[in-house]
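Good morning, and thank you for coming.

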Amino acid sequence: MFRIHVLVSGKVQRVWFRKQTQTKALELCITGWVKNLFSNAVEIIAEGNIDNLIELTGWLQNGPPLAKVDKLSIEWFPAENEFNSFEIVK
């Protein structure tokens, strides 16, 4: 099990990015959270098995149909197993 910290920038707010990320994460049995940042970026903390996290990061490169991802920053860590589900944080 691993944890990733992801920052996504571009046209990623007001395009259902957080909701679609949550849907994809739950589909992949990934736990964690997603939130908008004041910088107009989106931040994600996600935990799961490596294959599912790789699939999520692949999806994040484009995001939902209305998004335009300019930059994706990913850091990998050992899982801390602190989450029970995948939430949208305000």
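**Contacts and salt bridges**

Leaving aside residues up to four places away in sequence, V42 touches V6, L7, V8, V12, Q13, F17, V34, K35 and N36; contact here means heavy atoms within 4.5 Å. Please note that this is a predicted model, in which local features need pLDDT of at least 70 and side-chain atom pairs count only at pLDDT 80 or more, while totals for chains, interfaces and linings use all residues. Residues are numbered from 1 along each chain as its sequence is written, and side-chain values use heavy atoms, without hydrogens and water.

Let us turn to charged side chains. How many salt bridges does the structure hold? There are seven, a salt bridge being a side-chain nitrogen of Lys or Arg within 4 Å of a carboxyl oxygen of Asp or Glu. One of them joins R3 and E80, at 3.7 Å from N to O. R3 lies in strand β1 and E80 in the loop between β4 and β5, so this pair ties together parts 77 residues apart in sequence. (Strands are DSSP runs of E, at least two residues; helices are runs of H or I, at least four; both are numbered from the N terminus.)

Is R3 buried or exposed? R3 is buried, at 9% relative accessible area, whereas E80 is exposed, at 52%. Buried means under 20%, exposed over 50%, and partly exposed in between, with a 1.4 Å probe and protein chains only.
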